[in-house]
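Me: I have a structure open here and a few things to ask about it. Let me put it up before I start.

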Amino acid sequence: MVRKIALILLLVVVTCSFASAQKRLGNETAAQKKQRMEWWTDARFGMFIHWGLYSQAARHEWVKHNEHLTNAEYQKYFDQFNPDHFDPKKWAREAKAAGMKYAVLTTKHHEGFCLFDSKYTDYKAPNTHAKRDLVKEYVDAFRAEGMKVGFYYSLLDWHHPDYTMDDAHPLVQVDTSKANYDRLNKGRDMAKYRQYMRNQITELLTKYGKIDVLWLDWSWDKGAKKGKGENDWGSVELLKLVRKLQPGIIVNNRLGLTEYADGADFVTPEQVSTKELEPYKGKVWETCQTFSGSWGYYRDENSWKTHRQLLDLLITSVSNGGNLILNVGPTARGEFDYRATNALDSLSYWMHANNKAIYNCTYAPAEFKTPDNTKLTYNPQTKRLYIHIYNYPADGKLILPAYHGKIKYAQFLNDYSELKYAPASNGTDVELTLPKNKPHYEIPVVELTLQ
Ligand code: GLC
């Protein structure tokens, strides 16, 4: 009897969780989704751009929160904002040269300031010394370079008078008592703020032509004492609206719609190490990463990633079947600073020679073991396998474990120079002979045409 009840209970639990995982907002088939996502999975590499009033403080895009600033204290950044070097055509050229295929710009970050001309707020770029819609110029510039265009939009808003308190809000850091929340929430109405977001997202998705990606940020109600999530944002209705306005758009996973099979198009591991990317294999994902620690321009930050670290992020993302979106935080004058430009230049040098090992690529078929000190990527259409050589062998020998009989041709990708190979003495491995001098790339790539 007890066993029977336990079995029934188990069945109920399994059925319920299955049913909830299957909750759906729309009726797109897996094949249709694959097709909608195709340009994005093929692209593999994008540029994130975090730019706003915080770029002037130049000490983190969370400065308003970190320093518990009131709207009045933060106002100086609005009054001062004057990006006289803003030239998105230059941004677009740099992004394209670095091999990025799409970009995502913060149309509004947590601070609430809008780079676009919204009729629902005065807190926007056209009312600053910039005197114009900066999002429009960004869209035009990136599109002209043939890049896909995305919008980041913060669900949080530390400026809006109806946005209620939560544990990330700049005003509640010191006194987290209920009495203080009640005091600060007087007159605030999340329903009105929800409508404000719907209005603004409608503007963003109707006034700028086809928008390819929408990156909404973020939900943290699960586990947090006073976070916000799905219900606060009205996520179900919001996502339906987004899909109605832009049926082809690709949306990230931060609306908090975890019980819906189609509540997001991709997951967003943020600032994780390359090791932590391995478990994402098989999912649809994009890791977002900074050049240094923060997203907004941070003048005094010295933790800039090296060229090798950036390449490793890109290669490891692709070798686990995901995308990398790498962030630039332009300065308050509207330019990429020299450290970002240097990093992008190095990437463009490498990508020019090696991008075939990135675009349209994914992880290698299971039968191909990863040779020592390398990582593999693979293009399923062309059946080319790419070996990214992390440590160039001093003796010029690279052992390809159990590759015998599987290779038709081998060459360096950067110059298409032939590489000779022969069966190793064990009869199953292949020994590839590399030249003494390492090609002039931090991580050179061997291209194998497979049988
Ligand atoms: C976090 C931060 C935010 C940044 C985002 C990018 O959610 O709050 O500042 O924009 O990550 O992934």
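Me: How many residue pairs are in polar contact between domain 1 and domain 2?

Reply: Nine residue pairs are in polar contact between domain 1 and domain 2, with both residues at pLDDT 80 or more. Keep in mind that this is a predicted model.

Me: Where do the domains run?

Reply: The domain assignment puts domain 1 at 29-357 and domain 2 at 374-450. Taken over C-alpha atoms, the centres of domain 1 and domain 2 are 38 Å apart.

Me: And how many residues of domain 1 and domain 2 are in contact?

Reply: On the domain 1 side, 15 residues are in contact with 15 residues of domain 2.

Me: What area do domain 1 and domain 2 bury between them?

Reply: About 1,500 Å² is buried between domain 1 and domain 2, and 55% of it is on carbon and sulfur atoms.

Me: How many salt bridges between domain 1 and domain 2?

Reply: The count is two salt bridges between domain 1 and domain 2. A salt bridge also joins the side chains of Arg-308 and Glu-442, at 2.9 Å from N to O.

Me: Switching to the ligand. Which residues surround the ligand?

Reply: The surrounding residues are His-50, Glu-61, Trp-62, His-109, His-110, Tyr-152, Trp-215, Asp-217, Arg-254, Glu-270, Cys-288 and Trp-295. Sorted by class, the shell has five nonpolar, four charged and three polar residues.

Me: Start with the histidines. How far is a polar side-chain atom of His-109 from an oxygen atom of the ligand?

Reply: That distance is 2.8 Å for His-109. For His-110, an N or O atom in the side chain is 2.9 Å from an oxygen atom of the ligand.

Me: What about Tyr-152, how far is its polar side-chain atom from an oxygen atom of the ligand?

Reply: For Tyr-152 the distance is 3.3 Å.

Me: How much of the ligand's accessible area does the protein cover?

Reply: On its own the ligand has 310 Å² of accessible area, and the protein covers 95% of it.

Technical notes
Residues numbered from 1 in each chain as written. Predicted model: local features only at pLDDT ≥ 70, side-chain atom pairs only at ≥ 80, totals over all residues. Heavy atoms only, no water. Near = heavy atom within 4 Å. Polar contact = N/O pair within 3.5 Å; in protein donor to acceptor, adjacent residues only side chain to side chain. Areas by Shrake-Rupley, 256 points an atom, 1.4 Å probe, with all protein chains shown as cover. Nonpolar A, V, L, I, M, F, W, Y, C, P; charged D, E, K, R; others polar. Domains from an automatic or database assignment. Contact = heavy atoms within 4.5 Å. Buried area = accessible area lost by both parts, 1.4 Å probe. Salt bridge = Lys/Arg side-chain N within 4 Å of Asp/Glu carboxyl O.
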